Amino acid sequence: MTPDQPSSPDEEPSDAPRVTVVLPVRDEAAWVVEQLDALAGQSTSVPWEGVVADNGSTDATRAIVVAHAIGDLVPVRIVDASRAPGVNVARNEGARAARGDLLVFCDGDDRVAPGWLEAYVRSVGARRVVAAGPVEVDALNSSRRARWGPWLHRPVEPVPGVAAGWGANMALPRSVWEQLGGFDESLRQGFDEIELFLRAGRAGVGFAWVEDARVDYRLPASAAHYAAKAIAAGRGEQRARRSGSDPAFAPLGLAGCARHLLAAVGDLARPSRTGPGAARQVLYASGQLIEAVGPARRRLVRVWGGRRAEGEPGGR
């Protein structure tokens, strides 16, 4: 394993990797061994490599990756992705360092299933698509925590006609990543990958759902962390809406966010709907509203400031 060593594009040997698994990490010392073990167990029909993109870990993550036996099986490099915080920064830095023509993404605290990588190799290859697969929560979480979700059994559709998956389990050719300009680094958490699927749809890039490429997803360990993540996801959706990736995915106004929150609270109050899913929707809608307040407040300040200026001597 070679930390922080760039690859040379000149005269790649015949066994040069055709696929690169990009693993963004940040303080994943408690979990990354399990993911590395799962990756080491992948059997593929083509040469592949791993690129671990470290987004500024302060724990033992880097040392654990360097010492892991996966480096004896496939080429694995660590690249520095600490220039700015955010999973999309790490994804982009990992993609830039990749030598493979197919980029496959997973997260450091999850676990890819057997056959995961080969499923993407068979299904995607050089096709001009962005692909994703199912994300399950039963294997890595207690039954009580797994009830809270979220999980992904089928593609989501952020706007009609555009399918998407999660960044914890996705793949695309490097040429498509380059065409799209990479992941939007202004989106740090929540909808960070959905925005790329939206841009891909607008650019005429296809979508592929790879059922056999399953990832076991690790949920936050504490209720406080879970709540913070759900709120961050709602805020992330609003930020992604403001990015302008798709005209049909416009930002929700303050009133729209308030309606979403009231509807979620109403669902939570119904005996038939009370449960983890309904509670998560309340947290998610709260995040949307929190994110909508900022722009609304700034608009109010501009309007109020303008009116005050007009009323002052010489303001006209």
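The following conversation discusses a predicted model of a protein chain.

Reader: To start, how many helices and strands are there in the chain?

Author: The chain has 10 helices and 13 strands.

Reader: And how much of the chain counts as buried?

Author: Of its 316 residues, 48% count as buried. The accessible surface of the chain comes to about 15,000 Å², and 53% of that surface belongs to carbon and sulfur atoms.

Reader: What about contacts between residues that are at least 6 apart in sequence?

Author: Among those contacts, 80% join residues at least 24 apart.

Reader: Could we look at helix H9? Which residues of H9 are buried?

Author: They are Gly 256, Cys 257, Leu 261, Ala 264 and Asp 267. These residues cover an arc of only 140° around the axis, so they lie on the same side of H9.

Reader: Which residues are exposed on the other side of H9?

Author: Arg 259, Leu 262 and Ala 269 are exposed there.

Reader: Why can residues a few places apart point the same way?

Author: An α-helix has 3.6 residues a turn, so residues three or four places apart point the same way.

Reader: What span should H9 have, and how far apart are its end C-alpha atoms?

Author: Helix H9 covers residues 254-269, and at 1.5 Å a residue its 16 residues should span 22 Å. The end C-alpha atoms are 23 Å apart, which agrees.

Reader: Changing topic, where is Glu 195 found, and is Glu 195 buried or exposed?

Author: Glu 195 is found in helix H7, which comprises residues 194-202. Its relative accessible area is 3%, under the 20% limit, so Glu 195 is buried.

Reader: What is Glu 195 in contact with, leaving aside neighbours within four places in sequence?

Author: Glu 195 is in contact with Asp 184, Leu 187, Ala 240, Ser 243 and Ser 245.

Reader: Finally, what about Ser 123: which helix is it found in?

Author: Ser 123 is found in helix H4, residues 116-123. At 27% relative accessibility, Ser 123 counts as partly exposed, because that value falls between the limits of 20% and 50%.

Reader: What lies 3.0 Å from a polar atom of its side chain?

Author: The backbone oxygen of Ala 119 lies at that distance from the side chain of Ser 123. Further along the sequence, Trp 209 is 86 residues apart from Ser 123, yet their C-alpha atoms are 8.7 Å apart in space.

Technical notes:
Residues are numbered from 1 along each chain as its sequence is written. This is a predicted model: local features need pLDDT of at least 70, side-chain atom pairs count only at pLDDT 80 or more; totals for chains, interfaces and linings use all residues. Side-chain values use heavy atoms; hydrogens and water are left out. Helices (H or I, at least four residues) and strands (E, at least two) are DSSP runs, numbered from the N terminus. Buried means under 20% relative accessible area, exposed over 50%, partly exposed in between (1.4 Å probe, protein chains only). A polar contact is a pair of N or O atoms within 3.5 Å; within protein, one must be able to donate a hydrogen and the other to accept it, and residues adjacent in sequence count only if both atoms are side-chain atoms. Contact means heavy atoms within 4.5 Å. Accessible areas come from the Shrake-Rupley method with a 1.4 Å probe; for residues, only the protein chains shown count as cover. The expected span of a helix is 1.5 Å times one less than its number of residues. The arc is that of the directions from the helix axis to the C-beta atoms.
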